[in-house]
Amino acid sequence: AQRVTQPEKLLSVFKGAPVELKCNYSYSGSPELFWYVQYSRQRLQLLLRHISRESIKGFTADLNKGETSFHLKKPFAQEEDSAMYYCALGYGNKLVFGAGTILRVKS
Amino acid sequence: DAEITQSPRHKITETGRQVTLACHQTWNHNNMFWYRQDLGHGLRLIHYSYGVHDTNKGEVSDGYSVSRSNTEDLPLTLESAASSQTSVYFCASSDGAVLTYEQYFGPGTRLTVT
């Protein structure tokens with residue numbers, strides 16, 4: 001069965017510190033993975049997708065098939081990065097979401 | 001501008017009542033989805049539709065139903081509301097013309113069942 005695990009409910013870091021939001025998945029096929037973000041008082045929106053290999057707002061995520069992981073990283077956290085982050089696995093035009101991690105960036 | 005809206009934004013109802021949450025999108029997307037968001041569980045798929053007259057059960061469909069009579073709307077009905085259905089409900093849509101996982105989300109409906 002498809003499953004996405006985000007082990008941390010809350011990650012609190014200081015401004016300027018590196019950030020890593022963990023995501024592990026379980027899927028027998030070829031995975032398509034995504035990070036979605038929900039800022040305060042805003043709608044859930046797509047942040048990045050593994051297939052694009054892009055950096056959005058300084059965030060990157062590398063798919064590691066051997067470790068079945070898709071961790072989200074940013075070298076220097078900013079206060080505006082504070083939000084709820086969801087890792088998601090796509091299959092058959094649907095998404096399976098992890099439980100989410102709240103990122104708090106302290107000044 | 002195209003968008004996706006949900007109504008009402010907040011709803012309080014009593015146990016046993018039937019409740020319908022509306023979702024309307026003007027993207028002309030074929031795919032529409034309903035999720036519930038709960039702490040510790042993230043977003044869980046309730047029902048989804050790939051086009052008019054198509055509906056499918058998701059992970060947590062018990063006690064919920066949907067119907068798709070046109071492209072724009074996918075109303076979610078709670079047949080007999082239960083306290084366990086207190087949650088925030090999100091509607092989303094995506095373009096069915098291509099295989100895409102970029103879903104556009106509505107603002108959410110906060111439902112409280114007392």
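1. How many bridges join strand β3 of chain B to strand β8 of chain B, and do these strands run parallel or antiparallel? In this predicted model, strand β3 (residues 19-25) and strand β8 (residues 76-78) of chain B run antiparallel and are joined by three bridges. Within this pairing, V19(B) stands opposite L78(B) of β8(B).

2. The pairing belongs to an open sheet of four strands in chain B, with the order β1-β3-β8-β7 and antiparallel pairing. Its edge strands are β1 (4-7) and β7 (64-66) of chain B, each of which pairs on one side only. From one strand to the next, the twist averages 20 degrees.

3. The interface of chain A and chain B deserves a separate comment. Together the two chains bury about 1800 Å², of which 53% lies on carbon and sulfur atoms. On the side of chain A, R43(A), N93(A) and K94(A) supply 37% of the area buried against chain B, more than any other three residues. Chain A brings 18 residues to the contact, and chain B brings 22 residues.

4. As to specific interactions across this interface, the rule finds six residue pairs in polar contact, both residues being at pLDDT 80 or more. Four elements of chain A give two or more residues to the side that touches chain B, namely β5 (32-38), β6 (45-49), β9 (83-91) and β10 (94-97). Of the elements on that side, β5(A) gives the most, with four residues.

5. One salt bridge is found across the interface of chain A and chain B. R49(A) and E102(B) form a salt bridge in which the closest N and O atoms are 3.1 Å apart. The pair crosses between chains, from E102(B) in the loop between β9 (87-94) and β10 (104-105) of chain B to R49(A) in strand β6 of chain A. E102(B) has a relative accessible area of 23% and is therefore partly exposed; R49(A), at 23% relative accessibility, also counts as partly exposed.

6. Over all chains, the structure holds seven salt bridges. One of them links K74(A) with D81(A), the closest N and O atoms being 2.9 Å apart, and both K74(A) and D81(A) are buried. Another salt bridge, in chain B, is formed by R17(B) and E14(B), with the closest N and O atoms 3.4 Å apart. Here R17(B) is partly exposed, with a relative accessible area of 48%, and E14(B) is partly exposed as well, at 44%. In chain A, a network of salt bridges links E20(A), K22(A) and K73(A).

7. Leaving aside neighbours within four places in sequence, T5(A) is in contact with K22(A), C23(A) and N24(A). The C-alpha atoms of T5(A) and L44(A), 39 residues apart along the chain, are separated by 19 Å.

8. Is S69(A) buried or exposed? With a relative accessible area of 3%, S69(A) is buried, since buried means under 20%. S69(A) is found in the loop between β7 (60-61) and β8 (72-74) of chain A. Not counting residues up to four places away in sequence, S69(A) touches C23(A), N24(A), Y25(A), D62(A), L63(A) and N64(A).

Key: Residues numbered from 1 in each chain as written. Chains lettered and ligands numbered in written order. Predicted model: local features only at pLDDT ≥ 70, side-chain atom pairs only at ≥ 80, totals over all residues. Heavy atoms only, no water. Pairing = 2+ DSSP bridges. Axes fitted to C-alpha atoms, helices over the stretch in contact; angles between N-to-C directions. Contact = heavy atoms within 4.5 Å. Buried area = accessible area lost by both parts, 1.4 Å probe. Salt bridge = Lys/Arg side-chain N within 4 Å of Asp/Glu carboxyl O. Polar contact = N/O pair within 3.5 Å; in protein donor to acceptor, adjacent residues only side chain to side chain. Buried < 20%, exposed > 50% of the residue type's maximum accessible area, 1.4 Å probe, protein only.
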